[in-house]
Amino acid sequence: MADFFNIAGVERMVSGHTSQIGLRYVDHGDDWVELAFDYQPKLAINDSGVLASGPVISLIDSACGLSIVARRKVLRPMATLDLRVDYVRAAPPGKAIVARATCYRIARSVSFVRCLAHDGNADDPVAHALATFFFTGD
Amino acid sequence: MAAGSPYADMIGARRNRATGEPILTVSWSQEIEGRPGFVHGGVIGGLLEMACYEALTAEFRNEPLPRMKPINIAVDYLRGAVPIDTHAVAHIVRIGKRVANAAAVCWQDDRSRPIATARMHILLDR
């Protein structure tokens with residue numbers, strides 16, 4: 001974790017809303033990042049405690065953006081261009097959600113990322129996502 | 001299902017009936033910040049999704065509301081969302097027996113300059 005968060009500016013990407021949902025760093029590699037959040041009742045979409053998909057979108061968006069940093073080793077200002085999420089199956093309340101985002105291509109202005117989210121077994125995902133980001137210019 | 005839920009309360013989303021449409025509004029707070037000075041993309045995505053649920057709920061005002069489950073959402077981010085009020089509303093493109101298709105739009109001070117749009121499929125469990 002230490003080497004990743006030594007990249008200037010990365011710590012600012014895990015404050016604000018990401019701390020509101022309790023986002024935490026799990027692991028990273030050359031072109032991927034894993035983030036997670038634990039289940040909390042405040043993240044539910046109804047009174048039966050079913051997890052809202054908003055926090056899942058936030059988790060995926062953050063993991064996808066950071067995977068570009070992991071691949072590029074430098075933080076450049078960027079913004080999400082589009083994000084498509086398939087909710088592959090329902091996530092039962094109570095479990096942590098883990099997202100692994102892989103940046104598979106960085107072009108001059110646009111980066112391409114895919115992401116799988118699961119609640120304990122990576123072979124049985126709860127969501128699959130594709131995203132593109134663009135560098136906002138430095 | 002959306003407004004009034006713990007998640008909606010957490011990000012500060014509330015119903016806004018100023019125009020009679022099922023609009024949701026979120027005020028700026030540090031808690032919804034993503035990259036410095038901008039609303040987190042996940043909050044915008046979550047707001048667009050809840051706007052879809054609100055629009056669908058309004059369609060069922062005269063019949064039993066089915067259980068609604070998200071199938072997928074595709075969000076296009078058009079402009080950075082700055083630290084002011086953010087609004088979202090959706091319209092239902094089609095309701096089938098089992099699937100509904102919704103289109104949502106999100107804006108800030110100028111409704112003619114959207115900051116994000118989304119398409120969403122929702123499974124109707126009835």
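Helix 2 of chain B lies across strand 3 of chain A together with strand 1, strand 2 (23-26), strand 3, strand 4 (86-95), strand 5 (99-107) and strand 6 (116-125) of chain B, at about 50° to strand 4 of chain B. Helices (H or I, at least four residues) and strands (E, at least two) are DSSP runs, numbered from the N terminus.

This is a predicted model, where local features need pLDDT of at least 70 and side-chain atom pairs count only at pLDDT 80 or more, while totals for chains, interfaces and linings use all residues. Residues are numbered from 1 along each chain as its sequence is written, chains are lettered from A and ligands numbered from 1 in the order in which they are written, and side-chain values use heavy atoms, leaving out hydrogens and water.

**Exercise 1.** Work out the strand order of the sheet and find its edge strands.

*Solution.* Start with the order: 12 strands form an open sheet, 1(A)-2(A)-4(A)-5(A)-6(A)-3(A)-3(B)-6(B)-5(B)-4(B)-2(B)-1(B), with antiparallel pairing. Two strands pair if DSSP finds at least two bridges between them. Next, look at the ends: strand 1 (24-28) of chain A and strand 1 (13-16) of chain B each pair on one side only, which makes them the edge strands. On average, neighbouring strands are turned by 25° against each other, direction ignored.

**Exercise 2.** Trace the pairing of strand 4 of chain A with strand 2 and strand 5 of chain A.

*Solution.* Take strand 2 (residues 32-37) of chain A: six bridges join it to strand 4 (residues 97-106) of chain A, running antiparallel. Within strand 4, A:Ala101 stands opposite A:Val33, and A:Ala99 is the bridge partner of A:Leu35. Then turn to strand 5 (residues 110-118) of chain A, which pairs with strand 4 of chain A over eight bridges, again antiparallel. Here A:Val98 has A:His118 as its bridge partner. Finally, a hairpin of three residues joins strand 4 to strand 5 of chain A.

**Exercise 3.** Describe how helix 3 of chain A packs against helix 2 of chain B.

*Solution.* First the geometry: helix 3 (residues 53-72) of chain A and helix 2 (residues 41-59) of chain B pack at about 150°, with axes 8 Å apart. Axes are lines fitted to C-alpha atoms, for helices over the stretch in contact, and angles run from 0 to 180 degrees between N-to-C directions. The two helices are therefore roughly antiparallel (angles over 145 degrees). Now the residues: A:Ser53, A:Gly54 and A:Ile57 are among those of helix 3 of chain A that meet helix 2 of chain B, whose contacting residues include B:Gly41, B:Glu49 and B:Tyr53 (heavy atoms within 4.5 Å).

Technical notes
Parallel < 35°, antiparallel > 145°, perpendicular 65-115°, else oblique.
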